Amino acid sequence: MLVLGLESSCDDCSAAVVVERADGPQILSLIRRSQDHLHAPYGGVVPELAAREHLVQLRSVIQSAMAEAGVKVTELKRIAVTQGPGLIGCLLTTFSAAKAIAWYSKIPFVGVNHLLGHLNAARFAEPKLPFPALALLVSGGHTHLYLAESWVDLRLLMKTRDDAAGEAFDKAARMLNLGYPGGPAVDERAQSAKKSAPTFTPPKFRDGTPSWSFSGLKTAVKQRIENTLGLSAADNDYESVGALCKTLNETITAWLLKPIPHLVEIHGIASLVVSGGVACNSDLRAGVAKLGKKLGITVVIPEPRLCTDNGAMTAAAGAMLPASAAPWVENANADLKL
Ligand code: KG4
Ligand code: ZN
């Protein structure tokens, strides 16, 4: 089955052609156009600019993906597109394009939940994932942990109470003048740092329920910069900035992984998937691999280009969902309770 996957929920415009076989999905083409240059001056994604840029980008992104795969539209067995959550103007661009192509070419259409897409990125590496699995989905907008009974059956176990982990990386990078996007910049500096800075105190929750909070970490980084480094030193003191980045990597990894062992035990978990943009982080990848070994469970972290937003994961998830023959009728998967 040939599937065209489209993704434009934030600032990446991406299309992929994926072939779904009995032994799992395989990428025939994956095109992604970044908008970093557009948003960098603002230090974050400007939704309206992103939506307008998707409109400019999407036609050539789709055409390139089809050409690279050597596939004609009439050969497609379905079109999968991110339905949400995401920036509404951005989502609308590829969603409308997908519906139009599906309607015109009479191809079944499927709307895909973005988080389900991030989980299904793991199908390229491990199509026979043992379930039940924990799915830790960490991006610029989400820090969610799901119990997955299958590739399309998720139950939310916990999520951040405020900011996503990616937001903490991005804002810390901004405070340290490391540029945009922040996560990769912090990670790069952390990897070249010789030593870590003092650790950050983890948040405590009055009700005792396991959850995350990253908003206080932003404030802690701000105070650390002002009190210890001094704002001007943040520009110049290469070692101190590197040490702070290393500590940020270590802190976020430790906080994210802390609830995993207990949840593995109480839910009889067989595997752990970590995906979303923050799963590109070197420290988190190493920490997850180490934890998997210790707990004796299968661990899957998609390759970095499949962790950040991309059309291939949307196609992989779309291949697992029932498609609608009539895209103008509200999609059957629209109310997946994620
Ligand atoms: O999944 P994604 O591409 O888009 C959203 O759905 O948000 O994730 C983007 C997020 C950004 O916050 C970015 O800074 C973060 O992923 N990110 C990283 C790394 N690469 C991307 N965070 C930490 N370390 C990285 N290497
Ligand atoms: Zn995402």
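The structure is a predicted model. Ligand 1 sits in the largest pocket. Because domain 1 (2-123 + 308-320) and domain 2 (129-301) both give residues to the shell around ligand 1, the ligand lies between them.

**The shell around ligand 1**

- The ligand is surrounded by 18 residues, and the closest are Gly140, Asp170, Gly277, Asn281 and Asp309.
- By residue class, the shell around ligand 1 consists of 11 polar, 4 nonpolar and 3 charged residues.
- Three helices each supply at least two residues of this shell: helix H4 (114-120), helix H5 (165-175) and helix H6 (182-192).

- Gly140, one of the closest residues, has a polar backbone atom 2.9 Å from an oxygen atom of ligand 1.
- Gly183 also takes part through its backbone, where an N or O atom lies 3.0 Å from an oxygen atom of ligand 1.
- Asp187 takes part through its side chain, in which an N or O atom is 3.0 Å from a nitrogen atom of ligand 1.
- The protein buries 89% of the 550 Å² that ligand 1 exposes when taken alone.

**Cis peptide bonds**

- Gly84 and Pro85 are joined by a cis peptide bond, with omega at about -5°.
- Pro85 has its place in the loop that runs between strand S4 (78-84) and helix H3 (88-105).
- Tyr180 and Pro181 are likewise joined by a cis peptide bond, for which omega is about -5°.
- Pro181 belongs to the loop between H5 and H6, and each of these two helices supplies at least two residues of the shell around ligand 1.

**A positive phi angle**

- Lys106, a residue other than glycine, has a positive phi value near 55°.
- The loop between H3 and strand S5 (109-113) is where Lys106 is found.

Definitions and conventions: Residues numbered from 1 in each chain as written. Chains lettered and ligands numbered in written order. Predicted model: local features only at pLDDT ≥ 70, side-chain atom pairs only at ≥ 80, totals over all residues. Heavy atoms only, no water. Near = heavy atom within 4 Å. Polar contact = N/O pair within 3.5 Å; in protein donor to acceptor, adjacent residues only side chain to side chain. Areas by Shrake-Rupley, 256 points an atom, 1.4 Å probe, with all protein chains shown as cover. 1 Å grid on protein atoms, 1.4 Å probe; cavity = no way out; pocket = protein on both sides within 12 Å on 5 of 7 lines; lining within 4 Å. Sits in = over half its atoms within 2 Å of the grid points. Helix = DSSP H or I, 4+ residues; strand = E, 2+ residues; numbered from the N terminus. Nonpolar A, V, L, I, M, F, W, Y, C, P; charged D, E, K, R; others polar. Domains from an automatic or database assignment.
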